[in-house]
Amino acid sequence: MIGQRENVSGAHFAFTDRWGGVSAAPYEELNLGGAVGDDAAAVTTNRELAAKSLGLDPGRVVWMNQVHGADVAVVDGPWGSTADIPSVDAIVTTGRGLALAVLTADCVPVLLADPVAGVAAAAHAGRPGMVAGVVPAAVKAMIELGADPARIVARTGPTVCGSCYEVPEAMRADVAAVEPTAYAETSWGTSSVDVSAGVHSQLERLGVHDREQSPVCTLESRDHFSYRRDRATGRLAGYVWLD
Ligand SMILES: [Zn+2]
């Protein structure tokens, strides 16, 4: 259910794995994504199960309508209705006890928090979002709310690794022109990108030094959903919240 969990000075970070939910194949078991073709009631149950295991009120978890962009929304409570969920790839809050959630199945889930200022953010950084700068945009929004990059704790979750994420050479060149550290090669010797490396370079340049990266590669791990491996599959979630 919860593959990784950490509490840093009252800032909580958690990433799910695919087990412990009620979804049927090919979304088994803990699919948390509402737009992947799974039964809506199963997704609701899964979100309740995951929240409960984290000690969270499922009604106090804020989700996004992720679109591979770089827009950020500041939130101070749950959205009123599904129609109110904005199309953004990062959300930021100063609300205590309000959990921000990001859905992924290969893309990089990025969780950020400054426990001293009481500012948290969740961002969805796939290849396009990383290139577009969604993570720097989230950090900028945090700073505007009082966060200090030197105090920001950053955790990135399970993602397809640079040894697996094959792309055409021209695409690798385009990505590396923006973030040189994202230049990678697959384990079979073809061109690839390492999106997580690019995200961490962006954070490093912004002065965010307290960073950790999940060692899990979603494509290699059968305990995680991978869109590139399975196409029709579920979504993992990353959660961040402040006491
Ligand atoms: Zn891999």
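Modeller: Start at Val110, which stands opposite Thr156 in β9. The model is predicted, so local features need pLDDT of at least 70 and side-chain atom pairs pLDDT 80 or more, while totals for chains, interfaces and linings use all residues. Numbering runs from 1 along each chain as its sequence is written, and side-chain values use heavy atoms, without hydrogens or water.

Strand β9 covers residues 153-156. (Strands are DSSP E runs of at least two residues, helices H or I runs of at least four, both numbered from the N terminus.) On one side, β9 pairs with β7, residues 108-114. That pairing is antiparallel, over four bridges. Within β12, Asp210 is the bridge partner of Val153.

Now the side chains of β9. Val153 and Arg155 point one way. Ala154 and Thr156 point the other way. Which of them are buried? All of them, Arg155 included. (Buried is under 20% relative accessible area, exposed over 50%, partly exposed in between, with a 1.4 Å probe and protein chains only.)

Next, the zinc ion. Its protein donors are Cys161, Cys164 and Cys217 through SG, and Glu220 through OE. They lie 1.9 to 2.3 Å from the zinc ion. (Donors are N, O or S atoms within 2.8 Å, or 3.2 Å for Na, K and Ca; water is absent, so sites may look incomplete.) The angles among the four donor atoms run from 100 to 116°, and the site is tetrahedral. (Four donors qualify if all angles fall between 85 and 135 degrees.)

How are the donor residues spaced in sequence? The pattern is C-x2-C-x52-C-x2-E. Cys164 sits in the loop between β9 and α4 (169-178), and Glu220 in the loop between β12 and α6 (227-230), so this pair ties together parts 56 residues apart in sequence.

Glu220 counts as exposed because its value is 53%.

Key
Pairing = 2+ DSSP bridges. Tetrahedral: all angles 85-135°; square planar, octahedral: opposite > 155°, others 65-115°.
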